[in-house]
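Please keep the sequence and the model in view while reading.

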Amino acid sequence: MNEEEASERRDGEASEASGHEAHESAARHADEARVEDEAPHVEAVPQVGDEAPGVEAVPRVEEEEFPSLDQMIGTFFSEPALLPVVVVVLGSGGAFGAAILVLTVIDRNPFAAAALVLIAGMTVDISLRARKEPAFRNLALLIGLVWAASVLLAGVAIVTGVAT
């Protein structure tokens, strides 16, 4: 009988344990449901193509085209508030161009001369394209102004003795 009592006792403990676990599991699910109910509900924003049958479609807004490089450069020339940016671009580009000019003419550096030839070739190409197509006019104007700033700054460097 001791074996039977021990077997019954183990079965009873097992059923109590499973009953206790089931109770805890149910309590956890109830807590999670309460948290979900308390969470703020956010309505979905209707998207194009999400229309329900019989409901009018959301009108599609025409997107503007992204401006070309020439149009963006033209904005800097046409807006008076952006002229300081143009001055900074001309100063920094002119300083690099002046360095290449000084290294080529005064120091007779062959690598600077090669860079100068390549940059001059690209400038001629953009200038010729700007004469044919108006899409390159502002870019050609900016490059021409950088060259003018380069020559001016190189002249200043030679006259002041910085480039000797």
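A residue is called buried when its relative accessible area is under 20%, exposed when it is over 50%, and partly exposed in between (1.4 Å probe, protein chains only). Helices (H or I, at least four residues) are DSSP runs, numbered from the N terminus. The model is predicted: local features need pLDDT of at least 70, side-chain atom pairs count only at pLDDT 80 or more, and totals for chains, interfaces and linings use all residues. Residues are numbered from 1 along each chain as its sequence is written, and side-chain values use heavy atoms, with hydrogens and water left out.

Helix 2 has Asp70, Ile73 and Gly74 as buried residues. Viewed down the axis of helix 2, these residues fall within an arc of 105° (taken from the directions from the helix axis to the C-beta atoms), so they line one face of the helix. An α-helix has 3.6 residues a turn, so residues three or four places apart point the same way. The cover over the buried residues of helix 2 includes helix 5, where contact means heavy atoms within 4.5 Å.

Helix 5 comprises residues 137-160. Its buried residues include Leu139, Leu142, Val146 and Ser150. Among the elements covering the buried residues of helix 5 are helix 2, helix 3 (83-105) and helix 4 (110-132). After helix 5 comes Gly161, which has a positive phi, near 90°.

Attention now turns to the loop between helix 1 (2-38) and helix 2 (69-78), where Phe66 lies. Phe66 counts as exposed because its relative accessibility is 69%.

Key
Helices (H or I, at least four residues) and strands (E, at least two) are DSSP runs, numbered from the N terminus. The expected span of a helix is 1.5 Å times one less than its number of residues.
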